[in-house]
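Here is a short briefing on one protein model.

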Amino acid sequence: MYDLVVIGGGPAGLAAAYEAYHNGIKKIVIIEREKELGGILNQCIHNGFGLHTFKEELTGPEYAQRFIDKIADTPIEVKLGTMVLEIKGKTVYALSPAEGYMQIEGTAIILAMGCRERTRGAIQVPGYRPSGIFTAGAAQRYINIEGYSVGKEVVILGSGDIGLIMARRMMLEGAKVKAVVELMPYSSGLNRNIVQCLEDYDIPLYLSHTITDIIGQKRLEKVIISKVDEHRKPIKGTEKVFECDTLLLSVGLIPENELSKNAGIAIDARTSGLIVSETMQTSQDGIFACGNVLHVHDLVDFVTEEAQNAGKSAASYIKGEHQKGEHVKVVNGKGITYTVPQSINLSSPAPIKLFMRVGQPYHQQKIAVKCKDKEIAAFKKKVLLPAEMQSIILTKKHLQSISGDVLIQLEEVEYHD
């Protein structure tokens, strides 16, 4: 019997476990299906991590190692190479070559399983099915961990951050990246990655384009892209042909929640992630969640911040100190794609941080927080982009003004520098 069971040994699971330990919880176990801790960070060998958390620029493995070292200095137990099969109540059923079939019970559970990539099947790209087509993350693992080259002439579909970073990585490996193709009229990656990974390497970005055919029998030979209209439908006569032997797909990430769904935990249809309160507690009492299993983050530092909140809250729950009180829903209004958390306990200590994304680029807007048509708070934003997660903080004064569900929406506002 453990006080706390953490499922997932990536950045979210590590930070949550460590925070719970430093809040008085000693009997903790981390369950990780891979052979090492660190999660996706192990294959992210580029820098840019840790500026918020450690106030310095680190690579992915360096960032992960900081927390791995912290965990090593505690009595927190780690089960590597262990696959969780099912969660029933507070019992976790798992399997490993070393220990066989296990039933692991905890007073509380933290879900930190991360996310997975969308595949070709999810986006229904037409054409043949030759070798040479990879998700961007799979190609990243082959190159950075396994030490294999995946191709020489490359086209990338999707301008998410992994795709942009892999464009640069392929160029550094001696490959030629001929195009990055994006369905939307704007990039879905961070602006700094567009500059550092595409513009610095003269890699063309085709916005409002998609792949309309894949040609090749055994190995990919060429792809055909077409411009799309405002309904995202290909426009005939706009085709461009690129000869290539490799196609990388960077077409989105999905929170990894098969375990959660089977356990009956509520899922947010907008994020495909879990529904949580401001303490990161899910719809099931004593089960918390953090990181990309909730919503896909653009910075690991935000994952860490969220995980620390989950770890601290789980510790309070285990010690019987978890705050009880009236919960109000956070409702998404105009321009807001989603918000996390999806509910707020008005009795919780302030401040409360809310994360959100917008559905399209906006300029000169304010994020308005309203309750019963009364504006509780407003946060001016000069530019809002879908690729960049936004956050706002509700203070104690804000919370005292709330007496029902909270509406968050965008409103036009004059912006003065």
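The protein chain carries 47 positive and 49 negative side chains. Lys and Arg count as positive, Asp and Glu as negative, and His and the chain ends are not counted. The centres of the two sets lie 3 Å apart, with each charge placed at NZ of Lys, CZ of Arg, CG of Asp or CD of Glu.

This is a predicted model: local features need pLDDT of at least 70, side-chain atom pairs count only at pLDDT 80 or more, and totals for chains, interfaces and linings use all residues. Residues are numbered from 1 along each chain as its sequence is written, and side-chain values use heavy atoms, leaving out hydrogens and water.

**Fold and dimensions**
- The protein chain has nine helices and 27 strands, taken as DSSP runs (helices: H or I, at least four residues; strands: E, at least two).
- Its radius of gyration is 22 Å, close to the 22 Å that the globule rule gives for 417 residues, so the chain is as compact as a globular protein of that length. The radius is taken over C-alpha atoms, and the rule is 2.2 Å times the number of residues to the power 0.38.
- Along the principal axes, the C-alpha atoms fill a box of roughly 65 × 60 × 40 Å.

**Burial**
- Of the 417 residues, 54% count as buried (under 20% relative accessible area; exposed is over 50%, partly exposed in between; 1.4 Å probe, protein chains only).

**Cysteines**
- The disulfide count is zero, a disulfide being a pair of cysteine sulfur atoms within 2.5 Å.
- For Cys-115, the nearest cysteine sulfur is that of Cys-44, 10 Å away.
- Cys-115 is partly exposed at 27% relative accessible area.
- Cys-371 is buried at 5%.
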